Amino acid sequence: MAILVTGANGQIGTILTRMLRQKHGREEVIASDIIRPNYDDDPFLMLDILNVQRIREVIEDFEIREIYHLAAILSANGEWNPIKTWNVNLNGLLSILDLAREFELDKVFFPSTIAIHGPTTPKKQTPQEASFLPTTAYGMSKLAGEHWCHYYHQRFKIDVRSLRYPGIIGHDSLPGGGTTDYAVEIFHEAIKKGHYTCFLEPDTRLPMMYMDDAMRATRELMAAEAEKIHVRTAYNLTGMSFTPAELADEIRKHIPGFTIDYKPDFRQAIANSWSQSIDDSKAREDWGWQPAYDLEKMTSDMIVHLEKYYLNKPQ
Ligand SMILES: NC(=O)c1ccc[n+]([C@@H]2O[C@H](COP(=O)([O-])OP(=O)(O)OC[C@H]3O[C@@H](n4cnc5c(N)ncnc54)[C@H](O)[C@@H]3O)[C@@H](O)[C@H]2O)c1
């Protein structure tokens, strides 16, 4: 049984591909992207998500049975070209869903996001079902994507599963143009320079999750028995919520001289339209979700790994 990962060269795809290879074996997990990784990632294919015929050939040639469809243009980058963002994010997903129907694939994973939130969404403990009126092309494409996943499940019995990831923080890969990127960049700058200029205001509270938790949530969702999956749009999911000022305080416990200043840009308006905290009780009830990392544990793990990385990095 082979697995295809699209967008495998991104922040999450890099780590997810590694996790899937540990479980299923290297040869069984085909990584693909439009940008080649700068390390050995075989088996790797250059694959544009808009090239449907090529994806069809890959499914046939490699006897693909599962797809983790990560390829996307993220919230902040997406605003530079909204139509392209809609095209890549939504039409890319539609191709995957329809190929899943054509080839009767076993499972599809589609990451959704807190970017589906908008000004009408309750800001605190956002429930699973609420008013979602996203303000970005990215958010619109992901919200529509959730509905298409639900539709393909109801209509064609496609076993497509989805999580609304909050901002993902990890030490092993860099973020790709989202609104929560500051929460990764701050660690690199704190260790390299002892200072960070944040593009969000100090009190901007957003839901976040450590990469280890995000990978475990993905693994547990995909391993759950189909009867337990009651949400076929996407599950609310969260690990922690904090502001840039709170994160800076936590970093200072490890790097006492660390300083931060704030120069908010266009990403502030996007962040303001998202919720501050999430009610993920449905994921907890249906397939037993339980996060392991809070702000304190995540911060110390990030610093331990990145200090080691910069110490050993060739100059
Ligand atoms: N990182 C987060 O905090 C976060 C939060 C919520 C949801 N997500 C979702 O998780 C998924 C992965 O996110 P990420 O952070 O790794 O993003 P990323 O930007 O780091 O990676 C996305 C990858 O998709 C590739 N891509 C772009 N256009 C493509 C195309 N036309 N064909 C094939 N590949 C293409 C890019 O080259 C990139 O490597 C995305 O669907 C994103 O919406 C991420």
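## Note on helix packing, sheets and ligand shell

1. Helices and strands here are DSSP runs, H or I of at least four residues and E of at least two, numbered from the N terminus. This is a predicted model: local features need pLDDT of at least 70 and side-chain atom pairs pLDDT 80 or more, while totals for chains, interfaces and linings use all residues. Residue numbers start from 1 along each chain as its sequence is written.

2. Helix α6 covers residues 182-193 and helix α8 covers residues 244-252. The two pack at about 30°, with axes 11 Å apart (lines fitted to C-alpha atoms, for helices over the stretch in contact; angles run from 0 to 180 degrees between N-to-C directions). That angle makes α6 roughly parallel to α8 (under 35 degrees; over 145 is roughly antiparallel, 65 to 115 roughly perpendicular, the rest oblique).

3. Which residues of α6 and α8 meet? Helix α6 brings Tyr 182, Ala 183, Ile 186 and Ala 190. Helix α8 answers with Pro 244, Leu 247 and Ile 251. Contact requires C-beta atoms, placed from the backbone, within 7 Å. The contact of α6 with α8 has 7 nonpolar residues, no polar and no charged (Asp, Glu, Lys and Arg are charged; Ala, Val, Leu, Ile, Met, Phe, Trp, Tyr, Cys and Pro nonpolar; the others, with Gly, polar).

4. Helix α8 also packs against α11, at about 55° and with the axes 10 Å apart. That makes α8 oblique to α11. The crossing of α8 and α11 is right-handed. Glu 246, Glu 250 and Ile 251 of α8 touch Leu 295, Glu 296 and Thr 299 of α11. This contact of α8 with α11 divides into 2 nonpolar, 1 polar and 3 charged residues.

5. An open sheet of 7 strands runs β3-β2-β1-β4-β5-β6-β10, with parallel pairing (strands pair if DSSP finds at least two bridges between them). Strands β3 (44-46) and β10 (235-236) stand at the edges, each with a single partner, so one side of each lacks a neighbour in the sheet. Strand β1 (residues 2-6) and strand β2 (residues 29-33) run parallel, joined by 3 bridges. Ile 3 has Val 29 of β2 as its bridge partner.

6. Helix α1 (residues 11-24) lies across β1, β2 and β4 (64-69), at about 175° to β1. Helix α7 (residues 211-223) packs on the sheet too, touching β5 (107-113) and β6 (160-165). The direction of α7 makes about 155° with that of β6.

7. A further open sheet has 3 strands, ordered β7-β9-β11, with mixed pairing. Strands β7 and β11 (240-242) are the edges; each has a single partner strand, so one side of each is left without a neighbour in the sheet. The twist averages 45° from one strand to the next. Strand β7 pairs with β9 (residues 206-210) in the parallel sense over 3 bridges. Gly 167 has Met 208 of β9 as its bridge partner. Helix α11 (residues 295-312) packs on this sheet, touching β7, β9 and β11, and makes about 85° with β11.

8. The ligand has 29 residues around it; Gly 7, Gly 10, Ala 71, Ala 72 and Gly 176 come nearest (near means a C-beta atom, placed from the backbone, within 6 Å). Helix α1 gives the most to the shell around the ligand, 3 residues. By class, the shell has 15 nonpolar, 12 polar and 2 charged residues.

Terms used:
Contact = placed C-beta atoms within 7 Å. Left-handed = near helix turned anticlockwise from the far one by under 90°.
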